[in-house]
Amino acid sequence: MNKQNTKTPMPSQEPNIRNSNFDEVALGYDEEMAVNEAERCINCKNKPCVDGCPVNVRIPEFIGKIAERKFDEAYEILTSTNSLPAVCGRVCPQENQCEGKCTRGRNGEPVAVGRLERFTADWHKEHRGNKEVHKPESNGHKVAIIGAGPAGLTCAGDLVNKGYEVTVFEGLHKEGGVLVYGIPEFRLPKDIVAYEIDTLKKKGVKFINNVVVGKAIYIDDLFDDGFESVFIGTGAGLPKFMNIPGEDLVGVYSANEYLTRINLMKAYRPDYDTPIKKNKVVAVVGGGNVAMDACRCAKRMGADVHLIYRRSREEMPARNEEIEHAEEEGIKFHLLNNPVEIMGDEKKYVRSIKVIKMELGKPDESGRRRPVPVEGSEFEIECDAVIMAIGTRLNALIHDTTPGLDLTDKGGIEADEETGATTKRGVYAGGDAVTGAATVIKAMGAGKKAASSIDEYIVGKGKKN
Amino acid sequence: MHKIVNKKQLNHDMFWLEFEAPYVAKKAKPGQFIIFRVDEYGERVPLTMAGSDKDKGTVTIIFQSVGRSTKLLSQLEVGDSILDVSGPLGKPTKIDGLKRVCVVGGGTGNALAYPVAKGLADSGVKVDMVSGFKTEELVVLEDEFKSAVDNFYLLTDDGSKGEKGFTTDKLKKLIEKGNIYDEVITVGPPIMMKFVCEVTKPYNIPTVASLTALMIDGTGMCGGCRVSIDGEKKYVCVDGPEFDGQKVDWDKLIARNAYYKDEETEEIDHVCNITGGVRHYE
């Protein structure tokens with residue numbers, strides 16, 4: 001056992017170098033680092049880390065195999081419950097999940113589960129590739145999955161492993177959902193997403209892109225086409241705006257638009273056609289991971305970047321690591337400030353953003369202290385672009401064309417928390433489409449539960465007949 | 001991949017393409033659009049459909065080669081494929097309850113107005129079509145319009161073909177002559193649509209404008225195509241593309257549409273270098 005009290009450090013690009021390129025920031029463990037870190041796991045009896053993981057990865061087991069340098073076996077154990085390990089190891093908020101529950105964390109830093117997961121997946125990709133992926137034998141049952149984001153991909157992975165013939169319908173031209181259009185290359189390289197999707201394809205999952213369900217095809221059509229069950233994992237993709245004056249000015253983006261141009265359309269690369277402005281000074285509004293991603297992308301596009309957030313650092317929903325990375329890269333934080341208006345020039349282009357200082361009052365329904373404006377404290381930040389990263393809301397395209405599918409008061413698809421069952425027979429849902437914007441791993445957990453419900457539903461249906 | 005099965009060149013820079021897109025063809029209705037991406041490096045570009053064939057599983061588009069993407073698209077030949085086609089997107093043209101309408105098309109807008117005018121006429125609506133072009137060489141779809149609609153009025157700015165003048169003047173004359181329209185539908189450059197709305201306003205004729213905005217996903221995900229309708233934020237891709245023209249903030253729309261003009265000009269120059277390389281289709 002390794003008694004080292006802190007995590008084995010992971011090499012990363014220097015802040016002042018990485019803030020001008022889109023290459024991955026964290027560079028990953030080598031074999032020695034991984035083995036050293038794996039030896040910190042005490043393989044405790046109650047395994048709280050496993051409970052902390054929404055897809056219940058068999059954590060001490062795969063870490064044990066790393067310690068023994070049996071990297072292939074570690075990969076087998078890891079992927080028995082997780083179809084996207086290279087993704088999860090990179091983007092999960094482990095501090096609130098597996099690592100948050102690690103016994104070693106009570107007295108020092110927890111075992112770096114995420115880094116080890118990432119190492120295992122990357123090692124396997126590098127040394128074994130996915131040329132000989134085992135294709136499970138078909139059980140003859142067809143399931144349709146709508147949306148190729150984390151929820152849909154996980155559901156597809158679990159069902160194909162059980163022998164189902166899975167078809168995933170995706171509205172965009174690339175699979176991955178937020179993994180391809182939202183999370184930037186420097187946090188999650190797109191070839192890693194493509195690789196994990198390729199593994200699913202080799203297992204037999206069929207992807208049909210550019211099909212917007214609710215427009216090109218309706219859920220009832222899918223049943224007519226012989227699908228026995230449908231999983232909806234369409235996410236919460238509609239951007240929110242603040243509804244302040246000046247939001248229609250030229251140069252005001254939603255974070256979804258800015259990030260989609262950069263990540264999905266690769267607007268930062270000159271060999272791709274989609275344009276993006278090289279703005280000089282960018283104001284980003286919000287305090288979540290999306291706001292951090294937008295800040296760091298704008299910085300890499302050469303802008304001086306100001307983050308505007310209405311609460312204090314303590315209340316920021318972004319991962320601590322992302323906030324630190326943004327600070328190191330030179331993002332200027334204006335905490336306890338809230339935009340009141342965006343000002344434009346005679347061409348209707350953004351000229352500046354007017355913000356008001358805030359102070360924290362009593363806690364609100366979310367438990368966070370409610371920010372209250374300080375009268376007369378307005379000031380202007382000159383900028384030529386504003387990116388709104390204040391959250392997303394739900395998309396009703398599918399609901400509008402699917403009789404019998406009910407929504408919750410908040411506009412999400414009504415689905416049972418444990419099974420994912422919606423109000424329509426045979427239709428299951430999970431991820432942000434149900435809960436509103438949450439995390440990748442929670443969506444994966446929901447996809448996993450739904451896969452097991454769909455299996456029960458189809459098997460049960462067979463028994464009845 | 002969407003194989004091109006038919007191609008016609010309508011004038012020196014306008015093209016008619018029919019390609020395979022079975023999912024789109026199945027549900028497509030007049031007024032709806034597609035988003036295409038020509039190849040792996042391509043951008044996503046919206047185009048209103050000119051027609052669709054359920055049985056053949058094909059969709060047709062009419063487009064003008066104005067920038068990098070439409071130029072690349074125009075270089076594709078029968079047998080080549082468009083990488084991505086998504087659709088049908090947007091809301092279809094509302095036809096219910098209309099008895100007589102006037103459709104006003106300008107320039108490339110005529111290509112987009114054609115399926116709308118034909119769709120209306122096919123549903124039993126009486127259609128007057130006012131079709132405007134800069135000059136004779138640019139005139140397209142004349143025969144198609146003639147056989148589809150009840151009255152067809154062709155205009156050119158310089159009088160080289162049809163009547164001399166602007167669509168707005170012709171529309172005004174038709175109204176003043178006593179023609180009663182339940183609705184005027186206009187498709188074309190925003191500035192023309194703005195003026196059409198100014199013509200119809202004093203007569204209180206409901207006027208529908210089919211807006212073109214910068215788009216990326218086309219499913220309501222990014223808000224890049226947002227417009228201000230009566231002071232309210234609307235997305236052209238999911239709430240439109242057709243809106244009450246009297247309520248559109250035209251100046252904002254025109255300003256937003258011009259945002260990437262510099263980048264676009266750069267791009268066109270760039271095409272010349274690149275067509276000799278990997279993206280050369282001939």
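**Figure 1. Area buried between chain A and chain B in the predicted model.** Putting the two chains together buries about 4,100 Å², and 53% of this lies on carbon and sulfur atoms. Lys215(A), Asp248(A) and Asp273(A) supply 19% of the area that chain A buries against chain B, more than any other three residues. Counted by contact, 49 residues of chain A meet 44 residues of chain B.

**Figure 2. Salt bridges and polar contacts across the interface of chain A and chain B.** Five salt bridges are found between the two chains. One pairing is that of Asp248(A) with Lys252(B), in which the closest N and O atoms are 3.2 Å apart.

**Figure 3. Elements and residue classes on the side of chain A that touches chain B.** Strand E5 (238-239), strand E6 (252-254) and helix H13 (255-264) of chain A are the elements that give two or more residues to this side. H13(A) gives the most, with four residues. By class, the residues on this side of chain A comprise 23 nonpolar, 12 polar and 14 charged.

**Figure 4. Surroundings of Ile276(A).** Ile276(A) sits in the loop that runs between H13 and strand E7 (281-285) of chain A. Its relative accessibility is 8%, below the 20% cut-off, so Ile276(A) counts as buried. Leaving aside residues up to four places away in sequence, Ile276(A) touches Tyr258(A), Arg261(A), Ile262(A), Ala267(A) and Met301(A) in chain A, and Tyr260(B) and Glu263(B) in chain B. Ser12(A) lies 264 residues from Ile276(A) along the chain, and the C-alpha atoms of these two residues are separated by 28 Å.

**Figure 5. Buried face and N-terminal cap of helix H2 of chain A.** Helix H2 spans residues 31-38 of chain A, and its residues Ala34(A), Val35(A), Glu37(A) and Ala38(A) are buried. Seen down the axis of H2(A), the buried residues fall within an arc of 165°, so they line one face of the helix. An α-helix has 3.6 residues a turn, so residues three or four places apart point the same way. The cover over the buried residues of H2(A) includes helix H4 (59-67), helix H5 (71-79) and helix H8 (113-127) of chain A.

How values were computed
Residues are numbered from 1 along each chain as its sequence is written. Chains are lettered from A and ligands numbered from 1 in the order in which they are written. This is a predicted model: local features need pLDDT of at least 70, side-chain atom pairs count only at pLDDT 80 or more; totals for chains, interfaces and linings use all residues. Side-chain values use heavy atoms; hydrogens and water are left out. Contact means heavy atoms within 4.5 Å. Buried area is the accessible area (1.4 Å probe) that two parts lose on being put together, summed over both. A salt bridge is a side-chain nitrogen of Lys or Arg within 4 Å of a carboxyl oxygen of Asp or Glu. A polar contact is a pair of N or O atoms within 3.5 Å; within protein, one must be able to donate a hydrogen and the other to accept it, and residues adjacent in sequence count only if both atoms are side-chain atoms. Ala, Val, Leu, Ile, Met, Phe, Trp, Tyr, Cys and Pro count as nonpolar, Asp, Glu, Lys and Arg as charged, and the others, Gly among them, as polar. Buried means under 20% relative accessible area, exposed over 50%, partly exposed in between (1.4 Å probe, protein chains only). The arc is that of the directions from the helix axis to the C-beta atoms.
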